[in-house]
Each structure stands twice: as structure tokens, then as C-alpha cells.
Amino acid sequence: VVSSDRGDARMNALGTLWNLSAVSENGVYMGSKDLGLLPALVAVISSDRGGARVNALGTLMNLSVTEENRAYMGSKDLGLLPALVAVASSSSGDARMNVLGILMNLSVTEDNRAYMGS
């Protein structure tokens, strides 16, 4: 639903993921490469402009709190950082606030700071 739907089902699924990601025990599993959720969330924030984007960003913000997720989230391979910059440049309100929270959380990791500064 997250990858294929563009309507209410997508927004509701992303809202559920946002809620689930708020539980710290879920963070490592939800952010794992094997699950493939992070690339799907990057695709949503890159292509959606509405509530689905805000919900995906909220999920990403919660997942960025989990230390084990930060290196992958900040990696060039995932492409999250350029997507966040694009969203911050073109959005306001909740979307922009979530982007800033994600960037703050990711900047705690030294490798991410080097990439973010380049």
C-alpha cells in the first residue's frame, strides 16, 4: 500500500507506521535494510505532497532517533538526505519541521556529519 497506492489507504498506512515507529522497540526492525521500509519512505517523500508525505516524514523522524538506524539513513545509497533537502526547500509547516528533526537526529552520527557537510 505504501509503495503503490496514492489515496487514503496510503496515508492511513503511513499514519499507522508513524504510530508504530514511536515505540522504541520497533525502531531497529522497521529501519532494517532487510525490511525495505526506508527506501519506500524515501520514495513517498520524493513523490507525494500531502498528508502521506507528512506521515512518512514523521515515521522517518521517529526512526532516526534509533542509533542503529542513523548510519543507513544517512548513507548515500539510501538517498534520504537529498530527498530531505528537496522537501525542506519546497515545503512548509509540519513537513519542514519533520525534515529538520530528522536532520538533527542524523547529525549526531559522525559519518553523517561528514556527508551532510559535503
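The model is predicted: local features need pLDDT of at least 70, side-chain atom pairs count only at pLDDT 80 or more, and totals for chains, interfaces and linings use all residues. Residues are numbered from 1 along each chain as its sequence is written, and side-chain values use heavy atoms, with hydrogens and water left out. Helices here are DSSP runs (H or I, at least four residues), numbered from the N terminus.

**The nonpolar core**

- A nonpolar core is a set of buried Ala, Val, Leu, Ile, Met, Phe, Trp, Tyr and Cys residues joined through side-chain atoms within 4.5 Å. Buried means under 20% relative accessible area, exposed over 50%, and partly exposed in between (1.4 Å probe, protein chains only).
- The largest nonpolar core has 28 residues, and Ile45 and Leu80 touch the most other members.
- The elements that give two or more residues to this core are α1, α3, α4, α5 (67–73), α6 and α7. Helix α3 gives the most, with seven residues.
- In general, nonpolar side chains tend to be buried together in soluble globular proteins.

**Helix α3 and Ile45**

- The buried residues of α3 are Leu37, Leu38, Ala40, Leu41, Val42, Val44 and Ile45.
- These buried residues pack against α1, α2 (24–30), α4, α5 and α6.
- Apart from neighbours within four places in sequence, Ile45 is in contact (heavy atoms within 4.5 Å) with Arg53, Ala56, Leu57, Leu60, Leu80, Ala83, Leu84 and Val87.

**Helices α6 and α7**

- Helix α6 (residues 80–90) packs with helix α7 (residues 93–106) at an angle of about 145°, and their axes are 9 Å apart. The axes are lines fitted to C-alpha atoms over the stretch in contact, and angles run from 0 to 180 degrees between N-to-C directions.
- From α6, the contact is made by Leu80, Leu81, Leu84, Val87, Ala88 and Ser89; from α7, by Ala95, Arg96, Val99, Ile102, Leu103 and Leu106.
- By class, this contact has ten nonpolar, one polar and one charged residues. Ala, Val, Leu, Ile, Met, Phe, Trp, Tyr, Cys and Pro count as nonpolar, Asp, Glu, Lys and Arg as charged, and the others, Gly among them, as polar.

**The salt bridge**

- A salt bridge is a side-chain nitrogen of Lys or Arg within 4 Å of a carboxyl oxygen of Asp or Glu. By this rule the count is one.
- The side chains of Asp48 and Arg10 form a salt bridge, at 3.6 Å from N to O.
- Asp48 lies in the loop between α3 (37–47) and α4 (51–64) and Arg10 in helix α1 (residues 8–21), so the pair ties together parts that are 38 residues apart in sequence.
- Asp48 is buried, at 12% relative accessible area, and Arg10 is buried at 2%.

**Other buried residues**

- Gly58 is in helix α4 and is buried, with a relative accessible area of 0%. Not counting residues up to four places away in sequence, Gly58 touches Trp18, Ser21 and Asn98.
- Gly58 and Asn98 are 40 residues apart in sequence, and their C-alpha atoms are 6.1 Å apart.
- Thr66 lies in the loop between α4 and α5 and is buried, with a relative accessible area of 12%. Residues up to four places away aside, Thr66 touches Gly27 and Val28.
- Asn105 is in helix α7 and is buried, at 13% relative accessible area. Leaving aside neighbours within four places in sequence, Asn105 is in contact with Met61, Ser64, Val65 and Arg70.
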